[in-house]
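Hi,

Here is the structure I promised to pass on.

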Amino acid sequence: MATMIFPITIILLHSTSDAFSTTWGIQSRYIIDDSSSRLFVFDVPSSTLDQRFDVDQSSSRSAGTQQIIDNILDECTRYSARRPIMVQFDPEAKSIWRHWRGTVIAETWKSAAWHALWTVAVYVVLQKYPFITKWFKGFNTVWGELLAVTTFTLTFFVNEAYACWRKCLDICYNVQGRLNDLGMALAGCARRIEPQDDMDPSSLGTTSTFTEQSRKLLLIIARYIRMFNILMYASFTRSHRPLLTPQGMRRMVKRVLLTEKEHSLLTNAQVPATVRHNVVLMWIFRTAIDSRKAGHFDGGFGFEQNLLLRVEEIRAEGNYMECILRARLPFSYVHIVQVLVDLVTWLYPIMAITSELSFQIGVMGVIFLTMTYQGLFDLAKRFLDPFHNESFWSGFDPIRVDTIIAETNAGSLRWMYGLDKSPIPLTIMQGNNRMQGGDKLDPFVLPDEGISVEEVSEMDKAIEEAERDSTDMEFSEQVVVGPSTSVIISEDDTVEAEQQTYQDEFEETQAIMSAPPGADFVPGLDDQDDDDCLIGSDDDEDEDCVPLDDSLEPPTNVYDDYLETLTTEYEDTMKQYEISAFIDNLDEKTS
């Protein structure tokens with residue numbers, strides 16, 4: 001009997017394995033192997049979860065938590081921002097009026113529609129029961145007093161909310177500035193290799209460079225600065241919070257942003273996950289001090305004092321941001337403003353109709369009041385959520401964290417690259433001996449106001465005459481390319497090569513002139529992929545800066561998508577464990 005039941009059981013399990021494969025996305029194989037007691041083997045490849053989601057590849061839900069984390073890391077590792085810190089605008093009235101997204105009108109039109117319907121309902125009731133109008137005699141006076149109190153309170157509330165938003169933005173750039181100060185100070189104090197004494201001071205090769213060890217230490221500290229910045233904003237914002245999860249930390253190791261040792265120290269440190277950036281800040285501090293003790297950085301007590309001051313300022317600004325995000329405004333303040341705004345907007349139809357205003361004026365008035373008073377209140381609440389950590393608004397124009405991170409990434413290496421070669425090394429200042437150093441400094445002592453245009457013309461004429469008279473000229477021909485531009489073509493150059501050179505110079509000039517004021521990089525020259533985004537002044541849906549492929553989602557979407565995808569993956573994994581446990585129990589019974 002048992003010998004008959006066992007093959008039937010095998011067949012049933014084989015059929016149910018197909019159901020498992022269809023329902024849970026788990027592949028199964030039937031293996032006949034006399035040397036093994038297990039007849040069924042369930043394969044769970046790494047791509048199973050990706051295959052389960054049969055949706056568009058551009059959606060972050062389709063690729064699982066790993067793809068969401070990779071999308072965040074792709075933005076966090078950029079050195080040029082895709083978008084400005086906030087939406088740019090043209091100050092002309094025509095340009096402002098034609099925009100829709102991000103305006104209070106776009107945020108409040110639904111509420112205005114509900115208030116308009118409420119006005120219609122009030123009008124119908126008062127027309128059907130006109131005696132009710134007598135109950136509201138003099139109500140317009142009460143409503144006017146209420147409007148005055150609401151206007152006064154709402155104005156101050158908006159100012160307080162904007163001050164909170166401005167503080168958050170200031171802290172972001174203060175932290176970025178202190179990190180830049182730290183990198184600049186360390187780059188200036190790093191040990192250097194000096195050229196030989198007998199080299200020409202004006203030669204391009206007569207420069208000092210970093211020693212190999214000091215350069216490596218600067219690169220390590222720059223990486224720590226970037227990691228501190230990423231983990232800090234992962235703590236402040238929900239859009240980057242997945243990076244603090246175990247999956248996020250492991251993915252940073254896979255992406256070679258952290259070493260295995262650093263990952264272990266971070267995750268095992270006796271600090272909460274949301275303050276791990278402080279651990280990295282202490283690594284920066286200690287690495288710089290030990291580098292000076294090892295002789296790779298110059299400086300004495302003042303060096304350590306300045307370094308300690310910068311680290312303390314970074315720590316203070318970070319803690320201040322945490323305080324602002326946790327204690328924005330008292331709830332009672334927000335509550336009373338919400339009550340006043342709702343009373344003014346909902347009671348306006350009663351005041352308008354009982355005051356014998358026309359029905360059309362009542363509808364238009366309530367729409368106007370809703371879009372102004374409710375719009376101002378919604379705008380204030382948006383100011384209190386600068387990073388779009390909450391989902392009560394569309395999140396069109398928050399403080400873009402990816403932009404700040406990209407700017408800080410660029411700043412972490414800017415100072416080292418800026419001092420990679422120094423034009424006046426120490427050996428030039430010293431000379432063959434300290435008394436003769438002044439002779440080699442003469443090529444660098446230039447007139448305070450330069451030279452006049454006439455003197456430049458005379459020098460150019462003298463050079464041209466010398467070239468015409470010389471028989472061994474290095475350059476044989478001079479071609480005038482523009483009305484005031486002359487480019488020298490060497491003997492080996494061609495007109496096509498010279499034309500390309502001039503075209504490249506023209507395009508570079510255009511890019512530099514078109515760069516936004518205050519930009520820390522030139523779009524089209526310094527950004528990584530020029531076609532992804534153009535930083536402009538328009539914020540229309542068709543013209544706004546839109547990244548390609550895995551575009552940036554609003555912060556709360558990333559946060560919610562990550563939790564939803566994580567829950568789905570957890571359920572699928574638990575089902576896999578249940579199947580494995582079922583097979584193990586079956587093997588034990590059949591063995």
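Setting aside residues up to four places away in sequence, F228 touches V175, L179, H277, V280, L281, I284 and I314. Before you go further, bear in mind that this is a predicted model.

As background, nonpolar side chains in soluble globular proteins tend to be buried together.

**The chain as a whole**

The protein chain has 19 helices and 6 strands. Of its 591 residues, 37% count as buried. The accessible surface comes to about 34500 Å², and carbon and sulfur atoms account for 57% of that. If you take the contacts between residues at least 6 apart in sequence, 71% of them join residues at least 24 apart.

**Helix α3**

How far apart are the end C-alpha atoms of helix α3? They are 19 Å apart, which agrees with the 18 Å that the 13 residues of this helix (64-76) should span at 1.5 Å a residue. The helix is also largely enclosed by the rest of the structure, because 10 of its 13 residues are buried. Among the buried ones are G64, T65, I68, I69 and D70, and the list also includes N71, I72, L73, E75 and C76.

D70 turns up again in the charge pairing: D70, D74, R251 and R255 are linked in a network of salt bridges.

**Salt bridges**

How many salt bridges are there in total? The count comes to 17.

- D298 sits in the loop between α10 (276-293) and α11 (301-326), and R191 in the loop between α6 (139-189) and β3 (192-193), so the pair ties together parts that are 107 residues apart in sequence. D298 is partly exposed, at a relative accessible area of 34%, and R191 is partly exposed too, at 36%.
- K216 and E212: here the closest N and O atoms are 3.2 Å apart. The two residues are 4 apart in helix α7 (residues 212-236), which means they are separated by about one helical turn. K216 counts as partly exposed at 43% relative accessibility, while E212 counts as exposed at 55%.
- E313 and R310: their side chains meet in a salt bridge at 3.2 Å, N to O. Both are in helix α11, 3 residues apart, so about one helical turn separates them. E313 is partly exposed at 25% relative accessibility, whereas R310 is buried at 14%.

**A nonpolar patch on the surface**

Some nonpolar side chains are on the outside. W114, L117, W118 and W346 form a patch on the surface, with about 470 Å² of accessible area together. Helix α5 (residues 104-128) contributes the largest share of the patch, 3 residues. W346, in contrast, is found in helix α12 (residues 331-354). With a relative accessible area of 35%, W346 counts as partly exposed.

**Around V253**

One last spot to look at. V253 is in helix α8 (residues 246-254) and counts as buried, at 15% relative accessibility. Which residues is V253 in contact with, once its neighbours within four places in sequence are left aside? They are L258, T259, E260 and H263. For H263, the C-alpha to C-alpha distance from V253 is 7.1 Å, and the two are 10 residues apart in sequence.

That's it from my side. Over to you!

Conventions: Residues numbered from 1 in each chain as written. Predicted model: local features only at pLDDT ≥ 70, side-chain atom pairs only at ≥ 80, totals over all residues. Heavy atoms only, no water. Patch = residues over 30% accessible without salt bridge, like charges linked within 9 Å, V, L, I, M, F, W, Y side chains within 5 Å. Areas by Shrake-Rupley, 256 points an atom, 1.4 Å probe, with all protein chains shown as cover. Salt bridge = Lys/Arg side-chain N within 4 Å of Asp/Glu carboxyl O. Buried < 20%, exposed > 50% of the residue type's maximum accessible area, 1.4 Å probe, protein only. Contact = heavy atoms within 4.5 Å. Expected span 1.5 Å × (residues − 1).
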